[in-house]
Amino acid sequence: MQAGPLEIFALPFMWRALLTVAILAVAAGVVGLFISFRELEFVSDGLVHSVFPGLVAGSLIGGSAGLLPGALVAAVLAAVLFTVIEHRGGVGADAAIAVVLTGLFSLGVVLVSRQEGYVSELTELLFGRLLTVTEAQLWQILLVAVVAIAIVACTWRAQIFRSFDAAGAEAAGFRVLRADLALAVAVALLVVAGVQALGVLMVIALLTVPMAASRLLTRGFALLIPVAVLLPLAAGIAGLWISFAWSTSLGATVSPGAVVVLLLVGGYVIAALLRVAATAVRRQRGRAPRRDREARSERSARSGRSDALEQGVA
């Protein structure tokens, strides 16, 4: 006999996992809006990888209680560093970010390999512990996510202006560097909040995929964030349910975070296909009136030639 969704999510570890996904979905929807508008997906990926040595160092110093402080310090430092690199500009900006993120990620691997049983520890840090989120960690994730949303909300006008016209924002009196630093810190905090549950390799999908899919599904600005929140929430419910069902019925250990991310990617693929289909329909509808106009023009030209021929004969 298989348990239904209500019975599954009544389990304490399942509802904590679902609530964690819901919190991260709301925060990622707000912060991810400007990640998408500013095309900062690569920088966000760099922040995710740069958090890894902070996680390892925090774990080495304070165990599980040191994960959040270590990740927070590493994320904020990386956010400031990447913002400075971006403002410096030049051809080598992306290359410099790539060097920093690969160097820091490699440092994290070296640090974690010094522990006994580091393979399992590395796997947990990379792929997360969604089903083992404690009540204390849940409150930590909520606090960090609220702070990230608050930073974006306090700089909302500057972020909007900066996203579409950086020079105009500066001319209007907005401090562009401050807005960029605020967004980078908000992204860093969201990375810290998400990495505890989803792991280093999974949190980047939460930051980028929902908003990318939302921009494919809707053209209305007001709907971008709600759609970007609903997509990971639906993927979280389905992914947790599927992973639990597979684990209990098949006896296989399935990573719920990985299933959630796969469903998110599947949602993006569906959104892309719907966008292609909608574009094809609009083009087809646009061609029909044009064909009608061309046909009427051709009939009019033929009628004109016939009248001219009749007059010539007469």
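A residue is termed buried when its relative accessible area is under 20%, exposed when over 50%, and partly exposed in between (1.4 Å probe, protein chains only). By this criterion aspartate 180, at 3% relative accessibility, counts as buried. Arginine 162 is likewise buried, with a relative accessible area of 15%, and arginine 38 is buried too.

The structure is a predicted model, in which local features need pLDDT of at least 70 and side-chain atom pairs count only at pLDDT 80 or more, while totals for chains, interfaces and linings use all residues. Residues are numbered from 1 along each chain as its sequence is written, and side-chain values use heavy atoms, with hydrogens and water left out.

Two salt bridges are present in the structure, a salt bridge being a side-chain nitrogen of Lys or Arg within 4 Å of a carboxyl oxygen of Asp or Glu. One joins aspartate 180 to arginine 38 (3.0 Å, N to O). Aspartate 180 belongs to helix α10 (residues 176–198), whereas arginine 38 occupies the loop between α2 (12–37) and α3 (41–62), 142 residues apart. Helices (H or I, at least four residues) and strands (E, at least two) are DSSP runs, numbered from the N terminus.

The side chains of arginine 162 and aspartate 180 form another salt bridge (3.2 Å, N to O). Arginine 162 lies in helix α8 (residues 156–164) and aspartate 180 in helix α10, so this pair ties together parts that are 18 residues apart in sequence. Through shared partners, the salt bridges join Arg38, Arg162 and Asp180 into one network.
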